[in-house]
Amino acid sequence: MLELLSPAGSMEAVHAAVQNGADAIYMGYGDFNARRNAKNFTREEFAAAVSYCHLRGCKVYLTLNTLLGDRELPAAAECAADASDIGVDAILVQDLGVLRMVRQAAPDVPIHASTQMTVHNLDGVKKMADFGMTRAVLSRELSRDAIAYICEHSPIEIEVFGHGALCMCYSGQCFMSSVIGGRSGNRGLCAQPCRMRYGWNGKADGNPLSLKDMSLAGHLRELRKMGVACLKLEGRMKRPEYVAVITRVYASAIREGREPTAEEVRQLTEAFSRQGFTEGFYQGKTGPDMFGIREEQKEPRELFALARQTYEDGESQRVPITFYSLIRKGEPAQVGVKDDRENVVTVEGPVPEAARTKPLTPEGVEKQLSRTGGTPYRCEGVRSVVDEGLSLPAAALNALRREALEELSARRMAPPVRRRGTFQPGVRYENRREEPLLTVSVSRAEQVTGALLALSPALIYVPLEELAAHPELAGRGNLAVTLPRIAWDREWKTMTEQLRRVRDMGVEDALVGNLGMLDVAKEMGFGLRGDFGLEIFNSQALKELRHMGLKSAAVSFELKLAQIRDLSKAVDTEIITYGRLPLMIMENCIIRNRTGGVCRHACEGEENLLTDRKGARFPVVRAYGCRNEILNSKTLFLGNKQNDVRRCGAWAQRLMFTVESPAECVRVVERYLGRSDWEPREYTRGLYYRDVE
């Protein structure tokens, strides 16, 4: 059976989800989850929610899926350990350091890979299994064929999003909210700048980044057949009535082995939509039809009033039970109850008396015991052995029924016996005292000129496609290959062929920005270096990379320089100190949408500048596999802050070249080598000097 996973941003939403048929809910506890603006739960509230759900046969997953700094990890460890003690069924994580911490603090709790880990291919799923995770939540961008392939070969459970908001960027790789406004989606406080107006040619006259909500209503049987374990509904920030409506629609369809009806789809639309729904990613049909905005509309009062009744009035009898009774002459009456989890409870009552008028019958016993109204239990049968000629008051049978169900409820709500560990930060690795080396990343082979090579960067990272297509670069400087952050399984054959070509050129190191790309590079003999896409935010994540054999890692550019300085650097640490920071990587090509579907060289034009309502212009460039990346409107520049960079104790600082000309690349390197006092006309310090929420 396909598990239905519903959102719960409040206790009322917990009731709404459970009473309408959710098999599991996901919720936050404390300040360490990807919806920090939701009404997250205190320990007491969280414990009450878990008990409420477990009594009714619903699982609870804790969202601990944000990036955390070193100072936050001890409190998060307490949160994880508390959740384990309370009986949470799994913990979702994004951060490798959080993963390492949870293993210590709550060693017996199953861990799920959040969609924030950008798991989008089979190797990524296998890497999650290597980490000991039991489930991976796939990126929303994947098509049905991509999902089916992963499910067929996956060693762990697969969860997919089935309904709710779509992000324009791959989850876990979006930096737009933090870089522009200081509110990080990777820290749980996305300000959703993608929903604002943007345009081309200097006019913010449209919404090219605002996708409709997704809905896979109509594909439920297909998802179950392909082996998807769990269908996730998005919406922890939405009201309980919304949760009730969408949960009931999907739960009813899944339980009855059908697809939602036209009337049910209408209810989904009325509850919330952005000009309807899309299944473009699932169908593999991206384009302008996938976009929509939230229009002003009246609250669906009638629909929401009916929805409230489902969780405010009465109790849904969702737990099947069977009663057993044994009423024998001269022995205390016995009533037993068995639930769907093989819990068996037996209680004893008074000794039956000889009947003076109407004797007790099996049918009479069944009538009394099956009265489970007002409880979560649904009686599916009563098996009785009743001696003839005996009498037992109905009140006594009712009391036995209540006592048996109370003890059964206590068993169902009892937390499992688990170990509680202690988070140990471990040995501290000291900062380097040497001057940081200078590394360079380019986007085009033409940027690797003789003049650049003459400046002797320690490493020059070149994109896989570019390096494979330019064998003449072999032997020119200390080259490393940059692997794509996104590469589906259908692209694997081409990618591995390109990697072999690059390896045969004598390139020794690979810069990897997604966990799903590590093993293929390692198996080909490349030295592994971590890119910013790995989202390294704390010392524990660096230790995890050391354990995995990485030689170096670029730390998150959402960290302040002071935080980078304080990291325990278990592997050589790299800081990006120049360039247009990447804000989004997208599956839906906004350049092709702008040109009406024309692709030929459209992504190479200088006119691909996305304009916001303040007039800022963001370059849009091509990424591996005909994807798009949006770059920041301003260039990060720390050329005149080198003393601050040196104090960070990093192995290297990287200059990231994207839209720069070859001559501009040389000029920037010379500045960072102290050979000139050049500065960009307009620049930003990024997030290195300001707190990111």
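**A strand and its sheet**

Mentor: Strand β28, residues 627-631, is mostly covered, with five of its five residues buried. Keep in mind that this is a predicted model.

Trainee: Which way do the residues of β28 point?

Mentor: R627, E629 and L631 point one way from β28, while N628 and I630 point the other way. In a regular strand the side chains alternate between the two faces of the sheet. Both sets in β28 are buried.

Trainee: Which strands pair with β28, say β25 to begin with, and in what sense?

Mentor: Strand β25, residues 582-586, pairs with β28 in the antiparallel sense over four bridges. In that pairing, M584 has I630 of β28 as its bridge partner. Strand β27, residues 617-623, also pairs with β28 in the antiparallel sense, over four bridges. There, R622 stands opposite N628.

Trainee: How many residues lie between β27 and β28?

Mentor: Three, and the two strands form a hairpin. G625 in the turn has a positive phi of about 80°.

Trainee: And what is the order of the strands in the sheet?

Mentor: The order is β8-β26-β27-β28-β25, five strands in an open sheet with antiparallel pairing.

Trainee: Which strands stand at the edges?

Mentor: β8 (198-200) and β25 do. Each has a single partner strand, so one side of each is left without a neighbour in the sheet. From one strand to the next, the twist averages 30°.

Trainee: How many bridges does β8 have with β26?

Mentor: Three, in an antiparallel pairing with strand β26, residues 609-612. Y198 stands opposite D612 of β26.

Trainee: Switching to helices. At what angle do α2 and α14 cross?

Mentor: Roughly 120°, with the axes of α2 (residues 43-55) and α14 (residues 394-413) coming within 8 Å. That makes α2 oblique to α14. The crossing is right-handed.

Trainee: What about α2 and α3, how do they cross?

Mentor: Their axes come within 10 Å and cross at roughly 35°. α2 passes α3 in a right-handed crossing. On the α2 side the contact is made by R43, F46, A47 and V50, and on the α3 side by D82, A83, D85 and I86. Those residues divide into five nonpolar, no polar and three charged.

Trainee: Now some loops. Where is N343?

Mentor: N343 lies in the loop between β13 (334-339) and β14 (344-348).

Trainee: Is N343 buried or exposed?

Mentor: Buried, with a relative accessible area of 19%. The cut-off matters here, because buried means under 20%.

Trainee: What is N343 in contact with?

Mentor: Leaving aside neighbours within four places in sequence, N343 is in contact with V337, K338, L408 and R412. R412 is also one of the α14 residues that meet α2.

Trainee: And E72, where does that lie?

Mentor: E72 lies in the loop between β3 (59-64) and α3 (73-86). With a relative accessible area of 24%, E72 is partly exposed. Apart from neighbours within four places in sequence, E72 is in contact with F32, L67 and R187.

Trainee: How far apart are E72 and K203 in space?

Mentor: 42 Å, C-alpha to C-alpha, and they are 131 residues apart in sequence.

Trainee: You mentioned a positive phi at a glycine. Which residue has a positive phi without being a glycine?

Mentor: Q192 is one of them, with phi near 55°. Q192 sits in the loop between α7 (176-181) and β8, and is partly exposed at a relative accessible area of 41%. E535 also has a positive phi, of about 55°, although it is not a glycine.

Trainee: Where is E535, and is it buried or exposed?

Mentor: E535 lies in the loop between β22 (527-530) and α19 (539-547). At 4% relative accessibility, E535 counts as buried.

How values were computed
Residues are numbered from 1 along each chain as its sequence is written. This is a predicted model: local features need pLDDT of at least 70, side-chain atom pairs count only at pLDDT 80 or more; totals for chains, interfaces and linings use all residues. Side-chain values use heavy atoms; hydrogens and water are left out. Buried means under 20% relative accessible area, exposed over 50%, partly exposed in between (1.4 Å probe, protein chains only). Contact means heavy atoms within 4.5 Å. Axes are lines fitted to C-alpha atoms, for helices over the stretch in contact, and angles run from 0 to 180 degrees between N-to-C directions. Angles under 35 degrees count as roughly parallel, over 145 as roughly antiparallel, 65 to 115 as roughly perpendicular and the rest as oblique. A crossing is left-handed if the near helix is turned anticlockwise from the far one by less than a right angle, and right-handed if clockwise. Two strands pair if DSSP finds at least two bridges between them. Ala, Val, Leu, Ile, Met, Phe, Trp, Tyr, Cys and Pro count as nonpolar, Asp, Glu, Lys and Arg as charged, and the others, Gly among them, as polar.
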